[in-house]
Amino acid sequence: MSPAVTETAVTIRVDGQEVAVPEGATILDACDAAGVETPTICYGPTLTPVNVCRVCVVELDGSRALVPSCSRPAEEGMVVHTDSERVRHSRKMVIEFLATGVDVSQADELGQWAEHYGADPDRYVPGGETMNEPVRVQDNLYIRDYDKCVLCYRCVEACGDDAQHTYAISVAGRGFGARISTEFDVTLPDSACVYCGNCVAVCPTNALQFKTEYDLRQADDWRPEDQSVTQTVCSYCGVGCNLELHVQDNQIVKCTSPDDHDVTRGNLCIKGRFGWNYV
Amino acid sequence: MPPRPRGPPLADLHFGDDQPTDAELAAIDAIVSPADAATVTETERVVRGGRSRRQGLRHLLLPVLHSLQHEIGWISPGGLNGAAKRLGVPPAEAYGVATFYELLRTTDPGHTNDVVHVCVDPSCALAGNEELRESLEASGAKVHNSPCLGQCERAPALFVQGVGRPDRVPADDDEDFRLPQAGDPGLRVLSRVGVVDSTSLDSYREHGGYQALASAIEMGPDAVISAISDSGLSGRGGAAFPTGIKWRAVADEPGPDKHVVANCDESEPGTFKDRILCEHDPFAVIESMTIAGLATGSPHGWIYIRGEYPRATARLEGAIAQARAAGLLGDDVAGSGQRFDIELRRGAGAYICGEETALFNSIEGFRGEPRNKPPFPTTHGLFNQPTAINNPETLINVLDIVTDGPDAYRSVGTERSPGTRLFCLSGRVGVPGLYEVPFGTPLGELIELAGGPVGSLAAVLLGGAAGVFVGPDSLDMPLTLEDAREAGATLGSGVVTVFDDTVDMEAVVVRIAEFFRDESCGQCVPCRVGTQRQHEVLVELQASGQPLPPQRVELIDDMALAMVDASICGLGHTAASAVRSAIDLGLIGNSS
Ligand SMILES: Cc1cc2nc3c(=O)[nH]c(=O)nc-3n(C[C@H](O)[C@H](O)[C@H](O)COP(=O)(O)O)c2cc1C
Ligand code: SF4
Ligand code: SF4
Ligand code: SF4
Ligand code: FES
Ligand code: FES
């Protein structure tokens, strides 16, 4: 459904379909409005687009290279193709590339798109480089398993300018050796981290996981299908953050917060995110 | 010179327990005194294809890290904390920056010896870099492999990174520099190189220096930019963008917070022209930047020079100081009533920082990661302000255009590629060196000018690692932008590396693939993973000694297309082009 056309709307054409979006909206917004589904990895509705994964690329008439739909503002008269040969090829290659070096088994959406585009990560040279990082278990709250990290920068943005303003983590190194890291890879307890868990909330691949989830998975006892979600309002302070408590076998196993809540935008502090650990 | 901090201060930053030593504090003090310690503030978000940026004194981060590296030999946890605290930068981010650069070390090397960087790129490999490295190692030197050091004409190349002592390039010790074309009346861009005393403003003036600036002031900004547009001058840094259009766009932006940047990061394997220009005609770089500043209404000039170029750095610094003292830089440039001054920044070993937006991030104290375009530098450049960034060769061309007019400029070259072009010849060629020829000169003629091929010519790499190989049948190709494009080639930054039939081309191509893998900033998936996998396929080929199987060719093509189509910047866009052309020409993959 297209949003109401206002005076400041821009009209663009997505796969032959005219769609009007408010000024400042991105091509991705226009695709959404046109009902065209787009794979995304580094994009998060609450985050400033970093446009690094390139899985959301589309073909834009007049542009030599494909353009990232998640960050490119829609401009009047743009003609966009989301299912051309070139678009399908680049999307497939991005997914394939990630799967060759990263454990994407818990990135559910990516798996669906991989099938959609026919990604085949097995056709590469055997024994190629991978992330090859040990799981970092440094406290009882959350773990970092960078073998699953696709370097989408979402945690960095959530910890930094987009939400938390703590700047505990950054991208370090260069090229294929780039990793998310604290300074000199010091442990989280030694870093600036305040355990708000906002990074965990935005991670698309489960590289960042609640310790409770990690332990259950290690015990082969993680059963999302048996979990229920309870909505509640955090009682630690007067802000009124919404919490979603995920419960398995009468145990709270993780805590999220809805992205569309106008107070929290998916973000919490240590008390709301992890306080149930001590209840 | 950077904009004033805006917005509320950042929340308290957390620093670990590691403290800087006295020596580390002194190294930090040398760049920012404790009295100037920063209150970093948040700035407005940059939502169009970039991340939000905080500024404050952050633009001094790279100079402070350089200072620590130089004095201490590495960036220790205490040193990093001291630097981060002084500048108000989160330590994790400072670490992210320090680990981005090849010349900065974040692990204790366990010694304070100088580090000798040995070039491993093609021209040096042909000139015996292996033997050189072995003999250096045998003599106990601390040796580090380096990509092309920009000295391919005097291969094999070395750069000595000093700890507590100045950096140096051993080949610089021999001071009787002479161009192969010395005395040729056809030289334009190179007319003063090797002739003028590059440490003396007086000598520069005696050779016609600063006449162009006087003309430019008389003509006024509009006429200067029109002359540049009419001349047809295009960028010499690789992308060949019309300079007049770029300058006009910046001039049309309102407000005084605009910048002119000279991109002297020269790191394209096979390129050494900008080093020679900066070492032997530094005042020309300063004068042409000043003209750019006045023409575009930008009071802020920046030179970003490659970290491995100590002599060029010293000469440029000397030229800036002399120009400033003579009133040719500063609040009232040469009596024009306009302000223009230049700050110099050193890179720290990262090819990607030559990409214009990565260069801006590097100056600003962030990781040298390119930004998505649009927006373009002319509106959102350095510090997110309008910026005209040019290669030094492009800039120096401006002097003749302003002095002699666009028609005179167009008297050589072709209609669509007017003027002359610098070419860096190295490899299996009689007289390696820097040459200037009119656009349109056939490739074979250029190679003959450089003493002809040595041995039996097998291939020429045009445009560097980011360029393409061409075979002996391309020798009559006129060197113009249009002919190169038509042939599916590129002149790029003017690299002409010559290979004969004794060269192991598979090794050359594997090394080119390795170069891209090493130099990818790692930001976007197509390039970060594509350059890695491309290298793995070529290593597999090399080890197999077999022809390249069709499914491997298909994989290479698939990867190449994704890198071209979906990467953020030119590094990814060109990372497969030399490899691809080597396969097409049958230089690799035919078995042995
Ligand atoms: C990976 C990469 C490296 C680059 N390195 C350089 C460089 O070292 N020097 C340079 O002038 N331009 C370099 N460029 C091109 C610049 O982005 C930019 O186009 C140029 O500085 C503009 O100046 P010009 O118009 O005078 O050529 C590089 C581009 C890419 C993609
Ligand atoms: S838990 Fe919060 S403070 Fe800690 S790294 Fe994640 S986002 Fe940053
Ligand atoms: S840890 Fe998760 S959120 Fe952070 S970069 Fe990796 S995949 Fe993205
Ligand atoms: S193409 Fe390569 S160098 Fe350029 S932004 Fe992407 S990863 Fe970085
Ligand atoms: S979702 Fe757009 S580039 Fe990652
Ligand atoms: S200096 Fe070695 S190849 Fe350029």
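1. Two strands are taken to pair if DSSP finds at least two bridges between them. On that basis, chain B of this predicted model holds an open sheet of three strands, ordered 2-1-3 and mixed in its pairing. Strand 2 (142-146) and strand 3 (158-161) of chain B each have a single partner strand and stand at the edges, so one side of each has no neighbour in the sheet. Direction ignored, neighbouring strands are turned by 30° against each other on average.

2. The pairing of strand 1 (residues 115-119) with strand 3 of chain B is antiparallel and runs over four bridges. Within chain B, His117(B) stands opposite Phe159(B), a residue of strand 3. Helix 6 (residues 129-138) of chain B lies across strand 1 and strand 2, and its direction makes an angle of about 165° with strand 1 of chain B.

3. Chain A is assigned two domains, domain 1 (1-129) and domain 2 (142-278). Their C-alpha centres lie 25 Å apart. The contact draws 17 residues from domain 1 of chain A and 18 residues from domain 2 of chain A. On the side of domain 1 that touches domain 2, the classes are 11 nonpolar, four polar and two charged residues.

4. Between the chains, 48 residues of chain A are in contact with 48 residues of chain B. On the chain A side, helix 2 (85-101) and strand 7 (170-172) each supply at least two residues. Helix 2 of chain A gives the largest share, nine residues. The side of chain A that touches chain B comprises 24 nonpolar, 15 polar and nine charged residues.

5. How are helix 2 of chain A and helix 21 of chain B oriented to each other? Helix 2 of chain A packs against helix 21 (residues 550-566) of chain B at an angle of about 105°, the axes being 9 Å apart. Angles of 65 to 115 degrees count as roughly perpendicular, and the two helices are therefore roughly perpendicular to each other. From helix 2 of chain A, Arg86(A), His89(A), Ser90(A), Met93(A) and Val94(A) take part, meeting Asp558(B), Met559(B), Leu561(B), Ala562(B), Asp565(B) and Ala566(B) in helix 21 of chain B. This helix contact consists of six nonpolar, two polar and three charged residues.

Key. Residues numbered from 1 in each chain as written. Chains lettered and ligands numbered in written order. Predicted model: local features only at pLDDT ≥ 70, side-chain atom pairs only at ≥ 80, totals over all residues. Domains from an automatic or database assignment. Contact = placed C-beta atoms within 7 Å. Nonpolar A, V, L, I, M, F, W, Y, C, P; charged D, E, K, R; others polar. Axes fitted to C-alpha atoms, helices over the stretch in contact; angles between N-to-C directions. Parallel < 35°, antiparallel > 145°, perpendicular 65-115°, else oblique.
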